[in-house]
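Subject: Structure handover

Dear colleague,

Here is the structure we talked about. My notes on what was found follow below it.

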Amino acid sequence: MSMPKPMNCFIPLPLSSHFTLPKRFTFPYYYTPHPIADIAASMLQDRLTAISVDDSSIGNLYAVLVVRNTQGELGYLSAFSGLDLQPQLSDRLNDIPFVPAIFDAIKFQQEHQRYFESLVKLTEQLDNLEKQGLLAQLVDQLKATQVQAELALKQKQQQISESKTLRKATRKQAEQDLSEPELADLIRQLGIQSSQEKRELKSLKSQLNDQIEHAKTQLEDQKLAISSIEEAREKLEQSLDHARLANYQFHNQDGHIMSLDKLLCGQVLDEQSPNERSLNGQTAIPGTGDCCFPKLLNYAFQHNLTPVALNEFWWGTPPQAEVRQHKNLYPVCQSKCFEILEHMLEGVELDENPLIVTPSVGKTFDIIYEDTDFIVVNKPEEFLSVPGKFIEDSIYTRVKALYPKATGPLIVHRLDMSTSGLLVLALTAEANKHIQKQFIDRTVEKRYTALIDGLIENDSGTINLPLRGDMTDRPRQLVCHQHGRTAETKWEVVARNKATMPPTTKVHLYPKTGRTHQLRVHCAHVNGLGLPITGDDLYGFKRDRLYLHAGYLKFTHPSTGEAMEFEVAAKF
């Protein structure tokens with residue numbers, strides 16, 4: 001089978017003697033772009049600018065893949081994230097030769113038209129049933145029938161009670177006024193009357209029960225009808241989902257092809273979100289298979305192009321929930337791409353994984369307070385609080401070695417690896433419980449110092465933005481007013497520096513809550529300070545370090561009850 005010609009998406013790159021080409025391909029999850037990839041990205045950004053797609057436009061992730069063709073010529077491919085661009089941009093971007101999507105949505109729609117039509121019909125049936133409101137009517141009807149039955153039964157029982165009282169009075173009077181034969185006849189008649197009332201009560205109960213059961217049957221029949229339609233729709237959706245995943249076909253350099261359903265087979269995420277759909281043991285995060293890098297690799301391998309280097313960046317305004325910076329580098333999303341890239345990059349020699357390099361090698365930390373209950377240390381930046389997935393060295397492991405007789409879990413709270421500052425470790429289980437409760441009850445006073453990229457106009461304020469994890473791009477956090485956890489931060493300006501490039505603002509941050517990445521998101525988000533912390537490689541721009549320091553702590557001593565205050569100034 002002949003390969004299609006690649007030149008429609010292959011853009012030649014100018015040769016440069018200022019650098020050598022990389023010997024190994026970019027490690028996609030954490031990297032600094034090679035200069036040749038920066039050139040390719042600049043060329044794409046120039047084209048985006050030329051057609052008025054700038055930082056005020058609707059944002060998206062874009063990527064370039066530097067490749068070499070079979071003639072040894074160097075060029076680049078470009079892609080955008082998602083199946084389609086927003087309608088406002090699609091017409092303007094027609095002239096840029098983006099690589100095609102792996103999944104052909106139009107072809108899939110045509111091939112499964114019958115299923116989609118059935119899905120529409122089932123949805124219309126459910127919508128019509130909801131509009132008719134029959135289910136709600138039947139629920140109300142059952143409640144009304146039950147109330148009416150209870151009232152009718154009480155009235156009958158009250159009537160019988162009154163009749164019984166009257167019979168007793170009649171018999172008592174008759175015992176004084178009537179002869180024995182007349183009294184016997186009266187008692188017989190009263191007994192007949194009592195039996196008749198009991199029969200009437202029994203009949204009424206049966207009648208009322210029949211009415212209630214009829215109302216219940218009507219309601220259950222309606223529920224069953226709705227349930228059967230919902231079940232049929234769910235099965236059809238699952239069938240279409242399975243077929244959709246099977247239509248994602250990923251190539252690797254050896255010509256092996258794997259579909260997305262097989263790549264995800266057996267994958268189960270440890271957290272679920274409303275945006276995740278699981279079918280037959282498979283979990284497909286929305287957008288899986290539509291990211292830039294798999295598109296680029298797929299096209300390259302289909303056309304005998306050799307990958308050389310990668311650069312992925314955000315262009316335009318950020319979405320409301322996320323923090324993205326215009327023109328900033330972003331690594332490939334592991335949550336969506338890991339299984340796919342495990343297959344696609346098989347046999348490709350990659351740069352070393354910087355995420356498994358121990359950043360704390362050669363670093364030490366100061367113990368600024370110590371007693372029999374706890375210690376307080378000044379953690380350097382790029383030093384784990386606790387062991388990570390790949391890295392063992394941490395404050396915890398070193399303190400455990402220094403205090404082998406310490407009981408309890410040691411760790412009371414944590415700081416991000418990139419954050420420097422005060423960290424408390426309890427040496428006894430009792431102290432750990434006592435101090436940790438103060439953190440949970442939010443009675444611990446905390447103050448962070450941060451350097452912000454840009455000038456903040458106001459002098460102080462409070463940020464309230466609820467946060468949750470981004471299940472599609474861990475460990476990033478999202479602002480989510482529907483599912484997020486409350487997060488509050490007070491802030492005040494310490495100093496402004498207009499002489500630096502970019503200008504910076506030093507602030508004090510006072511977190512009331514302690515959510516993951518709270519300060520970083522609250523600073524960078526458009527509804528927070530709108531400016532990232534300097535050196536924040538997740539929500540801002542990478543620098544030599546993250547300029548965030550936990551500089552002040554105040555809490556109650558677990559044994560003496562004394563107020564304990566600790567302060568270490570930031571080194572910036």
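The count of aromatic pairs comes to 18, where rings of Phe, Tyr and Trp (its six-membered ring) pair if their centres lie within 6.5 Å, and planes under 30 degrees apart count as stacked, over 60 as edge-to-face and the rest as tilted. One of them is Phe374 with Phe566: the ring centres lie 6.4 Å apart with the planes at 90 degrees, so this pair is edge-to-face. It joins distant parts of the chain, since Phe374 belongs to strand 10 (residues 374-379) and Phe566 to strand 19 (residues 563-567), 192 residues apart. Helices (H or I, at least four residues) and strands (E, at least two) are DSSP runs, numbered from the N terminus.

Phe566 also pairs with Phe555, with ring centres 5.8 Å apart and planes at 35 degrees, so that pair is tilted. Phe555 sits in strand 18 (residues 548-556), eleven residues from Phe566 in strand 19. Phe374 is buried, with a relative accessible area of 0%; Phe566 is buried at 7%, and Phe555 is buried at 2%. Buried means under 20% relative accessible area, exposed over 50%, and partly exposed in between (1.4 Å probe, protein chains only).

Before the rest, two remarks on the source. This is a predicted model, in which local features need pLDDT of at least 70 and side-chain atom pairs count only at pLDDT 80 or more, while totals for chains, interfaces and linings use all residues. Residues are numbered from 1 along each chain as its sequence is written, and side-chain values use heavy atoms, with hydrogens and water left out.

Four strands form an open sheet in the order 1-3-2-8, with antiparallel pairing; two strands pair if DSSP finds at least two bridges between them. Strand 1 (11-12) and strand 8 (306-315) are at the edges with a single partner strand each, so one side of each has no neighbour in the sheet.

The pairings are as follows:
- Strand 1 and strand 3 are antiparallel over two bridges, and Pro12 stands opposite Gly75 in strand 3.
- Strand 2 and strand 3 are antiparallel over seven bridges, with Ala79 in strand 3 as the bridge partner of Ala63.
- Strand 2 (residues 60-68) and strand 8 are antiparallel over nine bridges, and Val66 stands opposite Ala309 in strand 8.

Strand 2 and strand 3 form a hairpin with five residues between them, and Gly72 in the turn has a positive phi of about 85 degrees. Is strand 3 enclosed or open to the outside? Seven of the seven residues of strand 3 are buried, so this strand is largely enclosed by the rest of the structure. Helix 8 (residues 292-302) lies across strand 2, strand 3 and strand 8, at about 25 degrees to strand 2. Contact means heavy atoms within 4.5 Å; axes are lines fitted to C-alpha atoms, for helices over the stretch in contact, and angles run from 0 to 180 degrees between N-to-C directions.

Tyr62, Phe80, Phe98, Phe313 and Trp315 form one aromatic cluster. The charged end of Lys295 sits over the ring of Phe80, 4.3 Å from its centre. Likewise, the charged end of Arg114 sits over the ring of Tyr115, 4.7 Å from its centre. A charge sits over a ring if NZ of Lys or CZ of Arg is within 6 Å of the ring centre and within 35 degrees of the ring normal.

Last, the record. UniProt (unreviewed entry) lists residues 112-246 as "coiled-coil region"; in the model this span is 97% helix and 0% strand, and its end C-alpha atoms lie 13 Å apart. Glu237 is in helix 6 (residues 180-247) and is partly exposed, with a relative accessible area of 26%. Glu237 and Leu119 are 118 residues apart in sequence and 7.6 Å apart in space, C-alpha to C-alpha. The unreviewed UniProt entry also places "domain: Pseudouridine synthase RsuA/RluA-like" at residues 373-525, a span that is 18% helix and 33% strand in the model. UniProt positions are given in the numbering used here, feature names are shortened, and annotations may be inferred rather than shown by experiment.

Regards
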